[in-house]
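I opened this entry to record what I looked up in the structure.

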Amino acid sequence: MEALVIKSTGKDYILDYGGQKIISKVRGKMRLDMIRTTNPIAVGDIVEFEFETPQTGIITSVKERKNCIIRKSVNLSKENHIIASNLDQCMLILTLIMPETSLEFVDRFLVSAMAYKVPAILVFNKSDMYTGQLKDLLIETMEIYSKIGYKTLAVSSVTKEGIEELKALLKGKVTLLSGNSGTGKSTLINTVNPGLNLKTGEISQYSLAGKHTTTFAEMFDLSFSGKIIDTPGIKGFGLTGMSVEDISHNFPEMFQYLSRCKFYNCTHTHEPGCAVKEAVDNGEISPSRYHSYLSILSDTNSKYRQKTR
């Protein structure tokens, strides 16, 4: 029998089987077969299962995923962690202050989304807090990403700016919501769909960072059609399983300059005649995006050196 995974606690999974919620575990052999990930099953997966009791089941296999969002696991014994699968789109909820979302974090998320074929939207939350220079920074940051083809949106649960447009983007879609702790994902979901009543938290006045309120990834039905997947806040976004070529190709503004580079296998770091470096110098490519590219490249090269020692 087939069912949809709507919640994962890491040990148990809640399945939606024609509207019936089935608490399930994974068959042991299947865990061994999928040992390269911390989670053999993710929210959004379509699985085959067998009833153990009328309310519980055993998951026997996972159907092939059309796509997923993956990040490097914090568990060093594993290769990666699947955040969610079978998505129509993903939304990264970010804030410029309280807490500040680093642009490198944004760029790492976007590279993973593009690599695994998930359309990404950047949602700049708490727009009511941005005045003066912060407002200018918001406009400037949004332009960096809209210029290279990403949909960007400024929203506020306080003033309701952008909320109707956000609802329109969510309608009829399966959407992953991700971001750092404290960026207001749960509050934003409650604003879009008040009936969900998700738990929300406060910003730590000591660290100006968010406190976790979402413990496990979970899928919710929206009252106006569509599904959203709320996820725990994450601090970093490590990439895994990508070559240098993969990384550069998933920076779309750099990829379009590749054919103009002197060398076909240019890494855009040290080579003479690099069109990408020239574009950065000329202001055609954002310096922050290029910095993120070099940082990701450094991680990849370091990992490769460790493997070959």
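Which residue just after α2 takes a positive phi? I found K117 there, with a phi of about 65°. I note that the model is a predicted one.

I then looked up helix α2 itself. Helix α2 covers residues 103-115, which is 13 residues. From its first C-alpha to its last, α2 reaches 18 Å, close to the 18 Å expected at 1.5 Å a residue. I listed the buried residues of α2 as F105, V106, D107, R108, F109, L110, V111, S112 and A113.

C261 takes part in no disulfide, and the nearest cysteine sulfur, that of C266, lies 4.0 Å away. For C266, the closest cysteine sulfur is in C274, at 3.8 Å.

Finally I took the totals for the protein. I counted 9 helices and 13 strands in its secondary structure. Of its 309 residues, 48% count as buried. The protein exposes about 15,300 Å², and carbon and sulfur atoms supply 53% of that area. Among contacts between residues at least 6 apart in sequence, I found that 65% join residues at least 24 apart.

Technical notes:
Residues numbered from 1 in each chain as written. Predicted model: local features only at pLDDT ≥ 70, side-chain atom pairs only at ≥ 80, totals over all residues. Heavy atoms only, no water. Helix = DSSP H or I, 4+ residues; strand = E, 2+ residues; numbered from the N terminus. Expected span 1.5 Å × (residues − 1). Buried < 20%, exposed > 50% of the residue type's maximum accessible area, 1.4 Å probe, protein only. Disulfide = S-S within 2.5 Å. Contact = heavy atoms within 4.5 Å. Areas by Shrake-Rupley, 256 points an atom, 1.4 Å probe, with all protein chains shown as cover.
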